[in-house]
Amino acid sequence: VSVSIKYEHKIKDTEIECPYVLQGKACPIYDGVREKESYTEKNYQHLMEYAHFKDEFAEKPECKDETECVAFQRMENGGNRLDDRCHMKLYRHPPRMRNEKLAQNVKAFMVNENKKENKWFYDPTD
């Protein structure tokens, strides 16, 4: 049996929720995972449960390896290693390639039978 998990890295725009950060302290869990590579399920659950930045896109540190990042590539290809999941929560990576392509082609169209006129396949609504 082969199991494939696709990871979707979402950028939050929310309020800080981490109890340590709310008290004006550095989060020992976030810092421990980042500096000491303390990859545990408990630490990962904390990273998933609490927002550590008000604007993750602007404030979350960018991964120095960007698209060449091994953890990013494994997650992009369906991996689910704990160290990769933690890494993805700690650092900002470029948008996933297929999402980037979708955004560029959001108004996909179909060519009708006589190929003289295009019909919009998707028309956004409010």
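**Entry 1: α2 and α3**

I looked up how α2 and α3 pack, and found an angle of about 120 degrees with the axes 10 Å apart. The axes are lines fitted to C-alpha atoms, for helices over the stretch in contact, and angles run from 0 to 180 degrees between N-to-C directions. Helices here are DSSP runs of H or I with at least four residues, numbered from the N terminus. I noted that α2 and α3 are therefore oblique to each other. Angles under 35 degrees count as roughly parallel, over 145 as roughly antiparallel, 65 to 115 as roughly perpendicular, and the rest as oblique. The model is predicted: local features need pLDDT of at least 70, side-chain atom pairs count only at pLDDT 80 or more, and totals for chains, interfaces and linings use all residues. Residues are numbered from 1 along each chain as its sequence is written, and side-chain values use heavy atoms, without hydrogens and water.

Next I checked the handedness. α2 passes α3 in a left-handed crossing (the near helix is turned anticlockwise from the far one by less than a right angle). I29, Y30 and V33 of α2 make the contact with N43, H46 and L47 of α3 (contact means heavy atoms within 4.5 Å). I sorted the residues of this contact into four nonpolar, two polar and no charged. Ala, Val, Leu, Ile, Met, Phe, Trp, Tyr, Cys and Pro count as nonpolar, Asp, Glu, Lys and Arg as charged, and the others, Gly among them, as polar.

I went to the loop between α2 and α3, where E37 lies. E37 is not a glycine, yet has a positive phi of about 55 degrees. Is E37 buried or exposed? At 52% relative accessibility, E37 counts as exposed (over 50%; buried is under 20%, partly exposed in between, with a 1.4 Å probe and protein chains only).

**Entry 2: α3 and α6**

I turned to α3 (residues 41–49) and α6 (residues 82–90), which pack at an angle of about 30 degrees, axes 10 Å apart. They are therefore roughly parallel to each other. Their crossing is left-handed. From α3, E41, Y44, L47 and M48 meet L82, R85, C86, K89 and L90 of α6. I sorted the residues of this contact into six nonpolar, no polar and three charged.

**Entry 3: L47 and the core**

I listed the contacts of L47, leaving aside neighbours within four places in sequence: Y30, V33, H52, C86, K89 and L90. The largest nonpolar core has 17 residues, and L47 is among those touching the most other members, along with C27, Y30, V33, C69 and L90. Such a core is a set of buried Ala, Val, Leu, Ile, Met, Phe, Trp, Tyr and Cys residues joined through side-chain atoms within 4.5 Å. α2 (28–36), α3, α5 (70–76) and α6 each supply at least two residues of this core.
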